[in-house]
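Hi,

Here is the structure I promised to pass on.

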Amino acid sequence: MFTAEDIISINSTKEFHRTAMKIFRFQFEHNEVYQKFCLLLEKTPANVKHLTEIPFLPIEFFKSKEIVSSIQPLQATFTSSGTTGQITSKHRVTDLSYYEMSFRTAFSKFYGNIEDYAVLALLPSYLERDGSSLIYMVNDMIENSQHPDSGFYLDDYEALAQKLTTLDQQGQNVLLIGVTYALLDMIEQYPFQLKNTIVMETGGMKGRRREMIREELHHILSEGFGVQKIHSEYGMTELLSQAYSMGDGIFECPPWMDILIRDTEDPLTLLKDGKIGGMNVIDLANYNSCSFIATQDLGKKYPDYSFEVLGRFDHSDVRGCNLMIL
């Protein structure tokens with residue numbers, strides 16, 4: 001049995017691997033869907049001896065199955081965004097403390113104390129629906145920042161622009177976190193030259209604008225906000241952890257999360273660093289769900305454990321956080 005504290009206290013690669021193997025055995029025994037999937041691949045705790053041999057559950061299973069490894073009652077059900085008629089993913093969470101401790105600790109690791117920031121959120125498409133894990137996280141950040149000007153802005157660009165400019169000019173550290181299309185809408189209406197603001201895009205055109213490659217998008221946003229770098233968050237409904245990029249699209253994971261790259265032609269084969277392939281995510285904070293997920297994102301991993309998100313498989317739905325299309 002691992003607590004949330006056990007997960008976020010991981011501080012070495014060796015400890016990560018040891019914990020991942022224990023969680024694999026736990027989820028094999030307690031997650032019926034995952035166990036059936038593993039048995040189809042003839043993979044069991046008896047013959048899986050290394051982290052690289054662990055089966056990764058296709059993320060599509062969250063659309064049709066109940067992916068849980070706990071008998072405890074649900075505390076929340078997070079749902080993915082999607083256009084009308086699409087089947088959305090459902091992430092059933094039996095213990096929110098894993099999520100809260102994961103995103104609080106990861107943000108602190110990369111950006112410091114949340115109380116040092118005013119948090120301004122421009123996430124209209126997420127606020128307009130129920131069940132967004134991103135809204136849950138950002139709302140917690142707003143509350144814990146304890147800054148009187150922290151808050152959500154649905155579509156009031158004028159009020160947000162005034163608040164952002166005032167706070168930045170006062171020397172206040174600001175985190176502006178926004179969905180991509182809304183950030184683009186904003187800089188088309190208001191000019192900025194920000195000096196004390198982190199602009200973090202969570203991805204997503206939501207069908208409202210043409211998709212762009214990251215370089216083009218970040219150049220436009222950098223020019224529009226007057227900042228040198230655009231930060232990014234890589235997360236999704238099916239995960240309870242996030243990776244962060246402080247610029248140039250290079251992401252880093254917290255110590256309890258990792259990315260492996262699989263061959264696009266043979267999903268059971270992992271690729272070496274520097275090769276482009278499908279992204280498998282290990283999220284140990286997903287202890288009561290499934291910690292081993294094969295996403296529909298394409299990416300590349302580097303020897304220092306950082307990674308890039310390069311696109312999506314052509315046949316997959318366009319949805320979620322930080323999904324850039326080539």
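To get you started: in which loop does Asp248 lie? Asp248 lies in the loop between strand E9 (243–245) and strand E10 (251–252). Helices (H or I, at least four residues) and strands (E, at least two) are DSSP runs, numbered from the N terminus.

Before you go on, note that this is a predicted model, where local features need pLDDT of at least 70, side-chain atom pairs count only at pLDDT 80 or more, and totals for chains, interfaces and linings use all residues. Residues are numbered from 1 along each chain as its sequence is written, and side-chain values use heavy atoms, with hydrogens and water left out.

Asp248 is partly exposed, with a relative accessible area of 43%. (Buried means under 20% relative accessible area, exposed over 50%, and partly exposed in between, with a 1.4 Å probe and protein chains only.) Gln146 also has a positive phi, near 60°, and is a residue other than glycine. You'll find Gln146 in the loop between H7 and strand E5 (151–152), and with a relative accessible area of 61% it counts as exposed.

Helix H2

H2 runs over residues 13–30, and at 1.5 Å a residue its 18 residues should span 26 Å. (The expected span is 1.5 Å times one less than the number of residues.) The end C-alpha atoms of H2 are 25 Å apart, which agrees. Buried residues in H2 include Phe16, Ile23, Phe24 and Phe28. Among the elements that cover the buried residues of H2 are helix H1 (4–8), helix H3 (32–40) and strand E12 (276–283); contact here means heavy atoms within 4.5 Å.

A residue in E12

Asn280 lies in strand E12 and is buried, with a relative accessible area of 1%. Not counting residues up to four places away in sequence, Asn280 touches residues including Phe56, Asp258, Leu270 and Ile293. The C-alpha atoms of Asn280 and Pro58 are separated by 9.0 Å, and the two residues are 222 apart along the chain.

Helices that pack

Axes are lines fitted to C-alpha atoms, for helices over the stretch in contact, and angles run from 0 to 180 degrees between N-to-C directions. Angles under 35 degrees count as roughly parallel, over 145 as roughly antiparallel, 65 to 115 as roughly perpendicular and the rest as oblique.

Helix H5 (residues 96–111) and helix H7 (residues 133–145) pack at about 60°, with their axes 11 Å apart, and they are therefore oblique to each other. Among the residues that make the contact are Tyr99 and Phe103 of H5 and Tyr136 and Met137 of H7. By class, this contact of H5 with H7 has 8 nonpolar, 2 polar and 3 charged residues. (Ala, Val, Leu, Ile, Met, Phe, Trp, Tyr, Cys and Pro count as nonpolar, Asp, Glu, Lys and Arg as charged, and the others, Gly among them, as polar.)

Helix H8 (residues 157–169) and H9 pack at an angle of about 75°, their axes 11 Å apart, so they are roughly perpendicular to each other. That contact involves Tyr157, Leu160, Ala161 and Leu164 of H8 and Ala182, Asp185, Met186 and Gln189 of H9.

Cheers
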